[in-house]
Amino acid sequence: MTAILSHVLPGGEAALAAYGGGVAVQAAGTADPFDSGMWEDHRELYLGEPAAWRTDPAMRLLAPRSAEDARHVPILVDATGLGGPVERIVITIDYSPFPLAMVFHPGRALPLLGFGVKYEMAGPIRASALVGGEWIMGGAFIDAMGGGCSAPAVTHARSDWQDGFGEMRGRLWPDIGRLRISLRHPMDTGLADGIPAHHLTDLTLTDAQGEEIARLEINEPLEENPALTFLLPPDLAAGPVGIVARDNSGYRFRGEVAA
């Protein structure tokens, strides 16, 4: 199965090469293509030190070559080309004070996720998918001046920032299955002076019967006022889709998107 979305960007495969060419995983193997000192520890901590893991260009992570804004680095993870059911996808950033960014449980959604992260310093970002008991890793090296995790959220410069706190927006395109959700939240990491950690911890998509479609475990590196893109099969893309989220301060957020 051809990977969805990443091959239909303007310019096709040429766009993929321009977007991440030369810094993304380009070949299958069992060696770390980034030769990073963190990957062995992160495999043990976040993947359970798997005996079976490999890289595969079919596990696509699209990212810019460099971070123009370290507080907002757009990422697209596309595991639809792996050919088997994806149990979960673990997003890690090698040289971040918060290496574990997110864990995506696709469930009944397709294994594709768009999001933005904060980047503290240059280094690899990885997406590791668990398929049939085997971990398959894709990633890209992003050059960055850094400071994205330790800078205060821009929203704190506004005296009225709490007025829009928790506001949720979404749109569902039933013909292609795309679901886009955004949530007003400062996503404070706790590293900025005088600002305690305040970030989302999880987000769940539900169907019309209230049953879970997909779930995200969220940590500090997710960008401020995050926007998330999912891909749903036709039966679920007909909607409505419910959204339930929580943060580490105990706030709960609910919304619903109709086709």
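**Entry 1: cavities**

I looked up the largest cavity first, and its volume comes to about 70 Å³. The structure is a predicted model, in which local features need pLDDT of at least 70 and side-chain atom pairs count only at pLDDT 80 or more, while totals for chains, interfaces and linings use all residues. I also noted that residues are numbered from 1 along each chain as its sequence is written, and that side-chain values use heavy atoms, with hydrogens and water left out.

For the search, a cavity is a set of points, on a 1 Å grid over the protein atoms alone, where a 1.4 Å probe fits but cannot get out, and lining residues have an atom within 4 Å of a point. Grid points are joined across faces, edges and corners, and the volume is the space filled by probe spheres set on the points. Searching the whole structure, I found four cavities of 30 Å³ or more.

The lining of the largest cavity includes Arg-71, Lys-118, Cys-149, Met-187, Asp-188 and Glu-224. I sorted the lining residues into six nonpolar, two polar and four charged, where Ala, Val, Leu, Ile, Met, Phe, Trp, Tyr, Cys and Pro count as nonpolar, Asp, Glu, Lys and Arg as charged, and the others, Gly among them, as polar.

I followed Met-187 from the cavity lining to its place in the loop between strand S11 (178–183) and S12; helices (H or I, at least four residues) and strands (E, at least two) are DSSP runs, numbered from the N terminus. Phi of Met-187 is near 50°, a positive value in a residue other than glycine. Is Met-187 buried or exposed? Met-187 has a relative accessible area of 1%, so it counts as buried, a word that means under 20% relative accessible area, with exposed meaning over 50% and partly exposed in between (1.4 Å probe, protein chains only).

I then looked at Asp-35, which has a positive phi of about 50° although it is not a glycine. Asp-35 lies in the loop between helix H1 (13–20) and helix H2 (39–47), and with a relative accessible area of 70% it is exposed.

Another detail I wrote down is the cis peptide bond that joins Gly-239 and Pro-240, with omega about -5°. Pro-240 belongs to the loop between helix H3 (234–237) and strand S15 (241–247).

**Entry 2: the open sheet and strand S14**

I traced an open sheet of six strands, whose order is S2-S4-S7-S14-S11-S10, with antiparallel pairing; two strands pair if DSSP finds at least two bridges between them. Strand S2 (60–62) and strand S10 (168–173) stand at the edges, and because each has a single partner strand, one side of each is left without a neighbour in the sheet.

Why is S14 largely enclosed by the rest of the structure? Five of the five residues of S14 are buried, so the rest of the structure largely encloses this strand. Ala-227, Thr-229 and Leu-231 are buried on one side of S14, and Leu-228 and Phe-230 are buried on the other. In a regular strand the side chains alternate between the two faces of the sheet.

Strand S7 (residues 112–117) runs antiparallel to S14 (residues 227–231), and two bridges join them. I found Gly-114 opposite Thr-229 and Leu-113 opposite Phe-230. S11 also pairs with S14 in the antiparallel sense, over five bridges, and here Arg-180 stands opposite Thr-229.

**Entry 4**

Strand S5 (residues 86–93) and S6 pair in the antiparallel sense over four bridges, and they form a hairpin with six residues between them. S6 is also joined by four bridges to strand S13 (residues 212–218), which runs antiparallel to it, and His-105 has Arg-215 in S13 as its bridge partner.

Thr-204 is 99 residues from His-105 in sequence, yet I find the two 9.5 Å apart in space, C-alpha to C-alpha. Thr-204 is in strand S12 (residues 200–206) and is buried at a relative accessible area of 15%. Leaving aside neighbours within four places in sequence, I listed its contacts (heavy atoms within 4.5 Å), among them Glu-212, Arg-215 and Val-244.

Technical notes
1 Å grid on protein atoms, 1.4 Å probe; cavity = no way out; pocket = protein on both sides within 12 Å on 5 of 7 lines; lining within 4 Å.
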